[in-house]
Amino acid sequence: MASWGEASESRLIGKRVTRLSGKDKVTGKAKYTFDINEPGMLYGRILRSEVAHATVMGVDMSDAEALPGVKAVIPLIEVGKKLRYQGQEIAAVAAETDDIAKDAIRLIRVDLEELPHAVTEEDAMADGAPEIRDWPSNQSEPNIREDGDLEAGFAEAAVEVEATYHTPVQTHVCLETHGHVAKWEDEQNLTVWASTQGVFGVRNDFAQRFELPANQVRVITEHMGGGFGSKFGPGVEGHTAAELSRITGKAVKLMLTRKAEHLVAGNRPSMTQHVRAGATRDGRLIAYDMKGYGTGGISSGAGFTGPYVYHVPNSRAERVNVATNAGNQRAMRAPGHPQGAFGMDSLMDELAEKLGMNPLEFRRINDPNEVRQAQYTLGAQEIGWHRRNRVPGSGTDVKKRGMGLGSGQWGGGGGRGTEARVTINADGTVEAVTGTQDIGTGVRTVIAIIVAEEFGLAPTDIRVTVGDSAPGLPSGGSGGSQTTPSVAPVIKTAAAAAKQKLFERIAPLLEAPIEDLRVGTGTIYVVSDRTKTITWKQAAGQLGMESISEGGTWDEDLRQGGAAGAQFAEVEIDTQTGAIRVIKIVAVQDCGLAINRLTTESQINGGVIMGLGQALLEERFMDAVTGRMLNANLEDYKVPGTLEIPEIKSIVFDTHRKVTGVGEPPCIPTPGAIANAVYNAIGVRIRSLPITPDKILDALAEKKA
Amino acid sequence: MPDKEKKQGTNISRRNFLKGVGTGTVAATVAPSVLISNEKTADAQMGDAVASATIQLNINEKSYQVEVEARTTLLTVLRDGMDTGGNNIDLTGAKLICDRGECGGCTVMVDGKSVYACMMLAIDAQGKQITTVEGLADGDDLHPVQEAFIQHDALMCGFCTPGFVVSSAALLNENAKPTLEEIKVGLSGNTCRCGTYPFIFDAVKTASQKM
Ligand code: FES
Ligand code: FES
């Protein structure tokens with residue numbers, strides 16, 4: 001059975017290793033899709049609808065076509081078809097400069113017949129609501145899950161809570177917008193630089209779209225500026241870039257504008273849930289009845305979790321997807337979980353209070369997960385849980401402090417489908433190649449660490465190639481926290497196979513059986529006679545003109561799914577201004593074997609910060625009357641900045657030595673932990689995210705009244 | 001709202017409104033972002049666009065002659081510009097992220113102070129010393145801020161990193177030993193979506209100790 005070996009034997013695995021791409025990124029050398037400058041490259045732009053619902057009556061592109069510097073104008077929707085959300089594509093241009101492309105977009109004339117729209121869940125669910133798409137109703141059939149006997153459960157309950165929790169639509173806000181540079185090398189070969197989380201998925205999509213054999217499409221993603229679940233397919237903008245390139249015979253760069261990024265490049269669906277739940281006197285969660293809905297815009301997929309994490313024997317959950325005239329949802333960091341966790345952890349605290357029980361104690365009783373039980377202990381210690389407000393809202397200071405906790409659970413076990421190759425060249429250089437992509441998680445460095453550990457080299461000795469389909473070594477998309485657990489086993493087995501081959505070649509030289517050979521630091525030696533040693537370079541030199549190149553295989557035993565997490569937050573509320581300051585967050589995150597502890601901590605920090613944004617700042621505002629998004633920019637759509645960042649204690653809670661992905665789970669418990677801390681501070685509960693100063697002041701005023 | 005509002009060829013405002021779509025330059029605040037750019041404004045902008053001039057820019061201690069329009073930003077010159085000899089300038093370290101002075105992704109130094117290159121017209125950068133992230137290192141010797149960013153893993157996807165690196169270097173130019181609070185305020189004009197902030201703070205601290 002393959003294993004990662006003992007921690008004590010590891011030179012690199014589990015240690016803090018700086019990123020291979022660090023130097024390129026801090027010097028500006030790293031080239032993202034957005035940075036590609038091909039000779040003669042044209043700039044593409046898309047004209048998008050500003051209305052939420054309309055029929056296209058005519059598109060006149062003649063003025064745009066006549067503008068000097070414009071090389072192509074193409075329609076993206078047929079006359080007579082419907083536009084169903086703001087931002088939907090109407091036409092596209094390619095021009096010599098981006099400014100000319102901008103001008104050309106302005107010259108396209110569109111005639112529309114406007115239709116009534118519904119951009120909010122409430123409007124879409126109202127009687128006589130406009131038909132949003134050709135579905136029988138704007139609301140899906142309810143998805144119902146039942147367990148146990150709800151009535152019996154409530155009969156047993158000593159306390160009950162009934163409440164409505166809400167989280168709004170959030171957008172991904174990738175700092176590199178979605179986009180591509182497409183270039184037809186000739187009629188049969190297409191090269192695309194894509195800002196994507198799935199190089200091979202994008203390759204296959206283009207191949208299908210343009211009816212090419214897959215190996216005649218090359219997709220390159222050397223670096224990419226954030227995806228968070230929104231960047232899998234090429235989308236309309238990718239196909240458009242390739243089409244404009246085909247027509248003009250030039251490379252075409254087409255990146256979304258910041259505004260379009262908010263409107264059409266995906267979002268986290270909203271959640272509104274009405275829940276009634278009960279607990280027994282001794283603190284057992286006994287009954288849970290929830291009805292909820294959410295919108296993912298024009299598409300379906302607005303699901304969320306509930307009941308979540310905690311054991312409840314009698315439950316019923318009913319969820320409905322509501323269509324609205326807004327851009328479609330896409331997977332966003334732990335889809336469905338943070339919103340569900342916020343509802344559940346708020347509910348848990350409300351029940352605990354009714355029972356007069358410490359919320360931590362209440363969770364200890366109801367959480368069946370042993371890992372999280374241990375995390376509760378550690379996290380409570382780290383934050384100083386004993387310091388929390390015994391009586392929520394007590395104290396007379398203007399600024400009040402409080403503490404709360406939240407929980408999360410994720411998979412991240414990886415899976416088959418990655419091919420990789422590790423090559424040892426006769427000059428001692430080493431290459432590792434696979435078709436995954438580094439979306440900021442640091443998988444490039446993870447690969448180097450694994451190979452370097454196997455060979456006794458330094459990570460910087462390994463030349464890693466990812467983010468390119470040309471070598472023909474596919475890997476899956478980076479979603480579901482699957483990248484490292486999917487890639488690591490295959491790289492490890494490839495490196496082990498290559499090492500074995502090298503040992504076979506040099507065993508005669510060292511006059512020792514293959515089983516006796518070991519790697520040292522830059523050396524290979526005989527374990528039974530340590531005087532017999534040669535350097536890595538000398539060993540590789542034995543290969544002469546050949547090199548060793550080995551593929552890897554999937555190995556179930558090197559990875560494991562299931563990542564528990566618990567977070568504790570301390571906040572301070574200014575009761576006069578409503579300002580909320582998060583003081584500290586302790587994030588205890590299970591992640592199995594963290595191959596690179598440094599980048600794992602970065603990921604936990606990043607998840608916590610995104611969760612903080614969801615808790616306190618982020619909300620897509622739709623104007624019901626005009627049907628438009630009011631804050632499709634980075635000024636009014638707030639993401640966390642330096643001033644919002646608390647002290648974050650990210651604890652890599654490694655429970656086993658198998659690889660588990662950790663990209664998503666750390667953002668799950670944060671909103672619940674912060675919301676509960678706010679309650680503990682001021683004694684009034686905000687049940688809708690984001691928790692903004694105005695909500696705090698309203699709630700405090702209501703409490704006084 | 002009327003059931004069906006006929007918006008046919010005669011409706012000028014509808015047409016003009018759509019002309020303003022997707023430019024990303026019209027809106028300044030919430031309210032105006034739903035306003036309509038009128039035809040005159042669009043034409044005026046385009047009229048201005050035609051006028052161009054050849055100017056001299058000093059970037060990373062190198063002189064470039066570039067042809068720019070009045071509306072051309074410094075960022076556009078750095079990233080997409082060509083010198084009059086037909087060579088791409090290709091300094092793509094600075095990024096266009098928000099296009100409105102909100103995110104700091106485009107930060108460069110102008111005479112030693114950090115500036116949003118998306119908000120500065122190229123013509124206004126004449127006669128000034130422009131330093132981009134590509135010009136911070138001294139050959140192979142990285143700037144202490146750059147070293148510290150690598151050491152502390154103050155980057156993930158790295159898209160915001162050039163902006164943060166330049167802002168941090170400019171901050172340390174002005175305040176060699178900033179406190180944590182001063183670092184936060186000094187970098188508050190930069191945004192990172194991956195959430196690298198805690199390690200950025202550590203990196204700036206480390207760099208300040210080395211400088
Ligand atoms: S792109 Fe210049 S500040 Fe955002
Ligand atoms: S590192 Fe990705 S946005 Fe900052």
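What follows is a walk through selected local features of a predicted model.

Start in chain A with N321(A). This residue sits in strand 17, residues 314-322. N321(A) is buried, because its relative accessible area is 8%, under the 20% cut-off. A polar atom of its side chain lies 3.1 Å from the backbone nitrogen of G301(A). Beyond its neighbours within four places in sequence, N321(A) is in contact with residues including W135(A), N138(A), Q139(A), S140(A) and G294(A). G301(A) and A302(A) are also among its contacts.

Now the cis peptide bonds. As background, most peptide bonds are trans. The bond from G306(A) to P307(A) is cis, with omega near 0 degrees. P307(A) belongs to the loop between strand 16 and strand 17 of chain A. Another cis bond joins L689(A) and P690(A), with omega about -10 degrees. P690(A) falls in the loop between helix 16 and helix 17 of chain A.

Helix 16 (residues 670-682) also packs with helix 15 (residues 597-616) of chain A. The angle is about 50 degrees, and the axes are 8 Å apart. The two helices are therefore oblique to each other. Their crossing is right-handed. Helix 15 contributes G607(A), V608(A), G611(A), L612(A), Q614(A), A615(A) and L616(A) to the contact, and helix 16 contributes T670(A), P671(A) and I674(A). By class, the contact has six nonpolar, four polar and no charged residues.

Finish in chain B. Most residues other than glycine have a negative phi. N60(B), not a glycine, has a positive phi of about 50 degrees. N60(B) lies in the loop between strand 1 and strand 2, partly exposed at 23% relative accessible area. D111(B) also has a positive phi of about 50 degrees. D111(B) is in the loop between strand 3 and strand 4 of chain B, and is partly exposed at 46%.

Key:
Residues numbered from 1 in each chain as written. Chains lettered and ligands numbered in written order. Predicted model: local features only at pLDDT ≥ 70, side-chain atom pairs only at ≥ 80, totals over all residues. Heavy atoms only, no water. Helix = DSSP H or I, 4+ residues; strand = E, 2+ residues; numbered from the N terminus. Buried < 20%, exposed > 50% of the residue type's maximum accessible area, 1.4 Å probe, protein only. Polar contact = N/O pair within 3.5 Å; in protein donor to acceptor, adjacent residues only side chain to side chain. Contact = heavy atoms within 4.5 Å. Axes fitted to C-alpha atoms, helices over the stretch in contact; angles between N-to-C directions. Parallel < 35°, antiparallel > 145°, perpendicular 65-115°, else oblique. Left-handed = near helix turned anticlockwise from the far one by under 90°. Nonpolar A, V, L, I, M, F, W, Y, C, P; charged D, E, K, R; others polar.
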